[in-house]
Amino acid sequence: METILSVKNVSKTYQGAGQTLTVLNEVNFAVEAGSTVSIVGPSGSGKTTLLGLCAGLDRASQGSVELNNIRLDQLSEDERAQVRNRYVGFIFQNFQLLPTLTALENVMVPLELRGEKNIRSRSITLLEKVGLQNRMHHYPAQLSGGEQQRVSLARAFSNSPRILFADEPTGNLDVETSDKVIKLLFDLNHEAGTTLIIVTHNMELASQTKRIIRIKGGHLVADELN
Amino acid sequence: MDFERFKYKRRLRFGWLLKMAWRDSRRNRSRLFLFISSIVLGIAALVAIFSLGDNVRTDIDSQAKTLVGADLVIESNKKVSSRIRPLLDSLGDQRSVERTFGSMIYFTKNDGTRLVQVRALEGDYPYYGSIETTPVRAARTFRNNREALVDKTLMLQYNAKVGDSIMIGDVTFAIAGVITKAPGRTGLSTTVAPPVYIPLKYLDSTGLIQKGSRIATSYYYKYNQPEVIQSVISDIEPRLEKDGLDYDTVEERKKNTGRAFEDFNQFLTLISFIALLLGCIGVASAIHIYIREKIASIAILRCLGVNSIQAFMIYLIQIVGIGLIGSILGALLGIVIQQQLPAVFKDLLPVQVTTTLSWKAISQGLISGVVISLLFALLPLVSVRNISPLYTLRLSVEHVRFRDPLKWLVYAVILFFVAGFTWWQMHSWRQAIIFTISILAAFLLLSLVALLLRWLVRRFFPTSWNYLWRQGFANLYRPNNQTLILIVTIGLGAAFIGTLYFIQDILISRVTLSGSGNQPNMVLFDIQNSQKDSVAVLAKQYNLPVMQQVPIVTMRVEEINKQTSSQVKQDTSSGYRSEAYEWEFRVTYRDTLTSSEKLTAGKLHGPIRSAEDVIYISMEDRYAKRIHVNIGDHIIFNVQGTLIPTVVGSLRQVDWQRVQTNFRVVFPTGVLEEAPQFHVLVTRVPSPEISARFQQAVVKIYPNVSVIDLNLILTVLDEVLDKIGFVIRFMAGFSIITGLIVLIASVLISKFQRMQESVLLRTLGASRKQILFITALEYFFLGALAAATGILLSMGASWALAKYSFNAPFTPHPVPVLILFASISLLTVVIGLFNSRSVLNKPPLEVLRKEV
Ligand SMILES: Nc1ncnc2c1ncn2[C@@H]1O[C@H](COP(=O)(O)OP(=O)(O)OP(=O)(O)O)[C@@H](O)[C@H]1O
Ligand SMILES: [Mg+2]
């Protein structure tokens, strides 16, 4: 099996107020293409930080991150942006839709950025899949939280990413809506064969992934298969 | 599964960027427009002034000929010598002579008397343009009869009709026509002494031409081939100079008129430019806040793979687009304003101004406006490049670096542009740099005040005060505060408005002559030696005081320290001196100082008793400095052909603002008594009726004596000042309104900053009154501090201008200063409160949904 993500000896420290704060300490793991992984741990343990490093949103203080065989730590910010556009999809706790774009336009952006063809029809198909065919021309402010998260799901899959990162995708949703969104996420993922990495507190969500990585105080404390 | 190797491709995808810029601006267009509205007026003013300049330049070109009326004019202030006569009579293909002098005329119908400028004309002058009269033919026919053309205002003032008679000296003329427009100089002098044309052949019989009379003669020449003028001039110039004759040509007039206008135009351009700069500061602050609000969107875009240049471009395109719209609106407005300018500047411009569209002026105004506002917009805009995608995961603004080395580059370019623009207008690097540094200093000082305020409030926070006060004060330094931006914009606006006000005040107080009290208000001049005593007696008969009676001798400088005019002209190292040789001095002689004079160096040496005595003269100190003359320097004066060697014996300070005859050069007694001279008598008439009767008596007995009623000059001066004041106010209006727009925009934008908080407070149950109080307190504090700093700045600037540019005292009146301060502070509060009303009047949820 091919390795899509490999994290080697990664540490992250912050300098502040005369002391060094170590948020991640020598973390090692690798993820196979097509698998689903959840990262769990107590609040403040460094999950979001780890996710940011894996997705190339930030640079590690030490160690290397390889995504799709590309050493992220050796790329410039703009080069990493292109890597994200080609291979990575995101889902955020607070949806992060562009407020001045309609639902449809939000889904179209990653494709437009790549200069692809049939952008509109492909985006409409995705929005139909998440059940928002009637809300395509609405702005995020006109949608409920659940609807916004469904738009962001459509956007995350629009550029057919090889790997999808989700940070607390259900953190801002009620249980019922959460379940719907989770189901959609796994369905879409299954269909596209994307690698899925989810940071979550929600054990029910974590239990649906094949593998669970636990971290605590910046250390990887457990890495088990479900 | 195989995978492509990653290879970075930098692509801009400009089309997509345009689309994104369009989409991104969608929900904010009205706000974007608000930002840009602050430059509209500045650009409008620039376009209007540039257009005016362009039009006036072509108008001068096309009208110079009719201003001069001939191809060549030779002018003399004294009787021309027989040496040069043959030359004067041989020039040109057609010739005219005009002799002009001030004299009283007398309307026989109603005993009216009035000082006029008599123009005794022979020949067909003007060759270009015409003396416009009603009836039209009068301009031709009067030359052959004993007839006169009389200025329109005079006719109205004395209720005269064509066909009535006037007396000039001993000769009676029939009025042939009314002058509506005559070639030659216009303005103040023609208001004091309106023109009256008579045929030259009657001049001698008027009996007004006597020794010492101040008569100027103009010889007008028309050439069938005007191209030869240049070579004619270089041919005769040395001979003219030797005889003290001046010449004027169409080209020369174009140059001189152009030069005078360029100074005026420079001043107007700089005022417009300041309005634009003020607007630009508004733009920069607005965009800064706009970008702050866009951080989240930019971070999302970065997450999705937009690179830093693309992110920057999405916003640059918006700013350029909206800036272009603003500029075009500004240019359109400028064109509208341009149509009004000739009416506004009517009496201050040398020619009749057309209002043709000038594409050059429009594009100059547009480009200046777009470039400078873009540069200012770049200041906040470059930060877009640094917004990290990490922000999507962590909502803390601290991640955003608003510091950027590139900013320093932008600052440098802005300074360079401002200096460059100023240089383009003033053609002097020194002035350009002073201008740029003053603006920079004002900007820095205001920023310093704002930072200091922020620091002080934080450091000495009144923790024990009640909640509302604390909240109001805390708003000054909490994150997203508006302190710096509001203080700088309001402060600069206040500084500028203040400076314009003070300058106007200085200018007006400088020329305000008090017509009240016991100040003299009538001057009689051209009194002959023989008439001196009897005129004084006549005044006493009318119970008028003889307040001053002084002899006046006209003379020119021949040599200064053995250097003649031509030597000085070759040796440029001697500074300003050459102007001293061109000046016609009106000199008096006495051995004492008047009440308006004070010795600053040397002493008065007293009367000359023998021919061997050294003649020590006294010179006005400022003039001496200007022509680089000092105590002990030797000056030879030429008094109507007689050379008189003198030594500068003292320097005097003269208060020119008093209504009194004042002199640059004073001779001791015992030298000039026998020289050709006339006398001036200064008196005060208590009423217009007595003034009229006294003038009639003087004109009847002494037709050569001219009378100036200073009340008349005062009224004219008042009118001129009104016009200048109006122009200043008109131009200042652009800056003031721009300042207001910037203020409104800044406060409006800060509304978006404070919106969430206010809503939160509302949600937590704060009352309407409480929120109003907090808002009012914050804005009052900002407005008051900015206004105070700005006004202080303007006082400093005005003081410097008064001292170094206008040589006038600067005494600001406290009441207008207080009014200015109060209005700016109050305005800030009112606008601030007005803006928060949407928070107060609507349910919190609705506000949050709509505005965020
Ligand atoms: N820029 C920063 N400077 C200093 N410390 C930081 C910074 N960013 C994060 N941290 C710290 O790093 C630690 C890990 O943060 P992180 O957001 O990764 O935790 P988390 O596991 O995602 O927690 P949660 O479940 O609450 O989201 C925290 O203690 C946090 O305070
Ligand atoms: Mg987290």
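How much area is buried between chain A and chain B, and what share of it do carbon and sulfur atoms give? In this predicted model, the area buried between the two chains is about 3800 Å², and carbon and sulfur atoms give 55% of it. On the side of chain A, the residues that lose the most area to chain B are Asp78(A), Thr100(A) and Leu113(A), which together make up 17% of what that side buries. I cite the area first because the size of an interface is often given as the accessible area lost when the parts come together.

Let me turn to the contacts themselves. Across this interface, 45 residues of chain A are in contact with 39 residues of chain B. Six salt bridges are counted between chain A and chain B. One of them joins Arg26(B) to Glu105(A), with the closest N and O atoms 2.4 Å apart.

Which elements of chain A give two or more residues to the side that touches chain B? They are helix H1 (47-54), helix H2 (77-87) and helix H3 (103-114) of chain A. H2(A) gives the most, with 10 residues. By class, that side of chain A has 20 nonpolar, 12 polar and 13 charged residues.

I move now to the interior of chain B, and to strand S9, residues 216-222. Six of the seven residues of S9(B) are buried, so this strand is largely enclosed by the rest of the structure. Two pairings of S9(B) deserve attention. Strand S1 (residues 72-76) of chain B runs antiparallel to S9(B) and is joined to it by five bridges; within this pairing, Ser76(B) has Thr217(B) as its bridge partner. Strand S2 (residues 94-107) of chain B is also antiparallel to S9(B), with seven bridges between them, and here Gln94(B) stands opposite Lys222(B).

Is Leu329(B) buried, partly exposed or exposed? Its relative accessible area is 38%, so Leu329(B) counts as partly exposed, a class that lies between the cut-offs of 20% and 50%. Leaving aside residues up to four places away in sequence, Leu329(B) touches Phe33(B) and Val40(B). The C-alpha atoms of Leu329(B) and Ser37(B) are separated by 9.1 Å, although these residues are 292 apart along the chain.

Methods. Residues numbered from 1 in each chain as written. Chains lettered and ligands numbered in written order. Predicted model: local features only at pLDDT ≥ 70, side-chain atom pairs only at ≥ 80, totals over all residues. Heavy atoms only, no water. Buried < 20%, exposed > 50% of the residue type's maximum accessible area, 1.4 Å probe, protein only. Helix = DSSP H or I, 4+ residues; strand = E, 2+ residues; numbered from the N terminus. Pairing = 2+ DSSP bridges. Contact = heavy atoms within 4.5 Å. Buried area = accessible area lost by both parts, 1.4 Å probe. Salt bridge = Lys/Arg side-chain N within 4 Å of Asp/Glu carboxyl O. Nonpolar A, V, L, I, M, F, W, Y, C, P; charged D, E, K, R; others polar.
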